[in-house]
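Subject: Structure for your review

Hello,

Please find the structure below. My notes on what was found in it follow.

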Amino acid sequence: MKKNITCLLFVLFVTTLFTGCNNSNNTFQNDNDTLNNAVTIEHTKKVKKIFYNVPSPIEMANVLHESGVQYKPEILISFKAVDKYVNVPKQALILGVYGSDLSYVRLFDQIQQSINYLSSIKKLTEDLNIPEEQGSFAVSRLENNMNNRDSLLQIVTETYSSANAYLKENERGNTATLIILGGWIEALYISTNIVDFDNPKNKQVINRIAEQKYSLSNLIELIKGYPNDKELKEYLPLMNKLHNEFSLVDIKYEKRDVVTDENKKLTTINSIVTINISKSTFEEIKKTITEIRNKIIIY
Amino acid sequence: MKKMFKKIAIVALIVVVPIMVNAQCKGFTKKECLPQIKPYVYNGQLNSAVLNEGDVAELLLTFYNNQDYRIFICSQELLGNTEFKLLDTDRNTLFYSKDHDYVKFWDFKSNSTQQLIVQVRVPTSEIKKEIVQSGCVSIIVGFKE
């Protein structure tokens, strides 16, 4: 019996190491089918790994800038508040928040403010034990490129992605998810607070907010991937509440052609979309976003 | 006692080895894959996993309207021609890399914001082997500012 257990353990080890002997019972083993054939009703059984991506603070801020909104620094969290955040989950959440605030001020070429936020972010990454070389952090680099918006983008991107990679590498995906959550909530908080629903000029930004319906679903799935994380678990009911409010946003697609340009290596997906969001739904979304943000922020 | 120690060692290896393999995979992504997404801006989220021959992985993400995106599939050479597809939420194929000589990256643009799926499949070796090949596969997403 004991011998059998040892054998079984050994087989398990070898299987893990070499990722499996050829066995027809293995769900993920091949059957010589092509990707086309793999996409069947059975596809879900074959998918070994599903990733969910949520727009980064940089991507979210970029969307805002393109929409032509105004700069309102008073709605941001002060970079000076960094010392109030002393435990890991809170530090991770506020790191995400600062990421969005930094991306926002950067878009409006507020270089000094960018440096201030970046310094606070640097402190947070140190507190979270993300090594400096991983964070690619160099405020001095930024200071040397005061007027270089692209260098700032480079530093912000490197910082965010390196922290994400480092945390996932070290089995701290829950902390990475808290950063993403904080960043997404802050970006949505900024968006909902810089627009006037009744102003027709703001229609594009309103639509952008409505479109977050999709990213919210991805974010909820991401959070659900860490069922044992106490902090993430606490946010789930509020995120579900937000999901219910977003479900009242009506987005209709009319599919058109898909054009692929071989020379440019570019595929353009054409469709016509109609977005309907009522003022009451918008206000409810804004209220819940503020509620979640208030849970993140320490006053 | 000796047997017990052996068992503990084996169990420890079972736990530790996958973590090590996974960490190596992410190291591969940072070193070999991320530099190649330029001049696009990396979206900052690491989507990498150790996959076996025949495995399928999917990435769900939102494409914003009129934003340029680059999808780059970075996999270890030993896995061969890793295929990828872009699917809509009804699972209609919008792009299939196999039709483009197993290209590693492609650019996309959508004129309306929508949720799309990047599906990756590791090819199957035609020669039946005892040991199934496995390696790192990363789905890297970049956007243009």
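**Cavities**

The lining of the largest cavity consists of 8 nonpolar residues, 2 polar residues and no charged ones. The model is a predicted one, and all values here are computed from it. The cavity holds about 110 Å³ of space, and the count for the structure is 3 cavities of 30 Å³ or more.

The lining residues are A:Leu95, A:Gly99, A:Leu102, A:Leu118, A:Ile121, A:Val156, A:Thr159, A:Tyr160, A:Ala163 and A:Ile179. In chain A, helix H5 (88-107), helix H6 (111-127) and helix H9 (149-169) are the elements that each give two or more residues to this lining. The largest share, 4 residues, is that of H9(A).

Although A:Asp109 is not a glycine, its phi is positive, at about 55°.

Further on, A:Lys123 and A:Asp127 make a salt bridge, with their closest N and O atoms 2.7 Å apart. Both residues sit in helix H6 of chain A, and because they are 4 residues apart, about one helical turn separates them. Over all chains, the structure has 16 salt bridges.

An open sheet of 5 strands runs in the order S1(A)-S3(B)-S8(B)-S5(B)-S6(B), with mixed pairing. Its edges are strand S1 (47-52) of chain A and strand S6 (93-96) of chain B; each has a single partner strand, so one side of each has no neighbour in the sheet. On average, neighbouring strands in this sheet are turned by 20° against each other, direction ignored.

Within the sheet, strand S5 (residues 83-87) and strand S8 (residues 114-121) of chain B are antiparallel and pair over 5 bridges. In this pairing B:Glu83 stands opposite B:Arg121 of S8(B).

Strand S2 (residues 250-261) and strand S3 (residues 266-276) of chain A run antiparallel and are joined by 10 bridges. One bridge pairs A:Lys252 with A:Thr274 in S3(A). The hairpin of S2(A) and S3(A) has 4 residues between the strands, and in this hairpin A:Lys265 takes a positive phi near 55°.

S3(A) also pairs with chain B: 4 bridges join S3(A) to strand S7 (residues 105-110) of chain B, and these two strands run parallel. Here A:Ile269 has B:Ser110 of S7(B) as its bridge partner.

**A cis peptide bond in chain B**

The peptide bond between B:Lys38 and B:Pro39 is cis, with omega about 15°. B:Pro39 is placed in the loop between helix H1 (2-33) and strand S1 (41-42) of chain B.

Regards

Notes
Residues numbered from 1 in each chain as written. Chains lettered and ligands numbered in written order. Predicted model: local features only at pLDDT ≥ 70, side-chain atom pairs only at ≥ 80, totals over all residues. Heavy atoms only, no water. 1 Å grid on protein atoms, 1.4 Å probe; cavity = no way out; pocket = protein on both sides within 12 Å on 5 of 7 lines; lining within 4 Å. Points joined across faces, edges and corners; volume = space filled by probe spheres on them. Nonpolar A, V, L, I, M, F, W, Y, C, P; charged D, E, K, R; others polar. Pairing = 2+ DSSP bridges. Axes fitted to C-alpha atoms, helices over the stretch in contact; angles between N-to-C directions. Salt bridge = Lys/Arg side-chain N within 4 Å of Asp/Glu carboxyl O.
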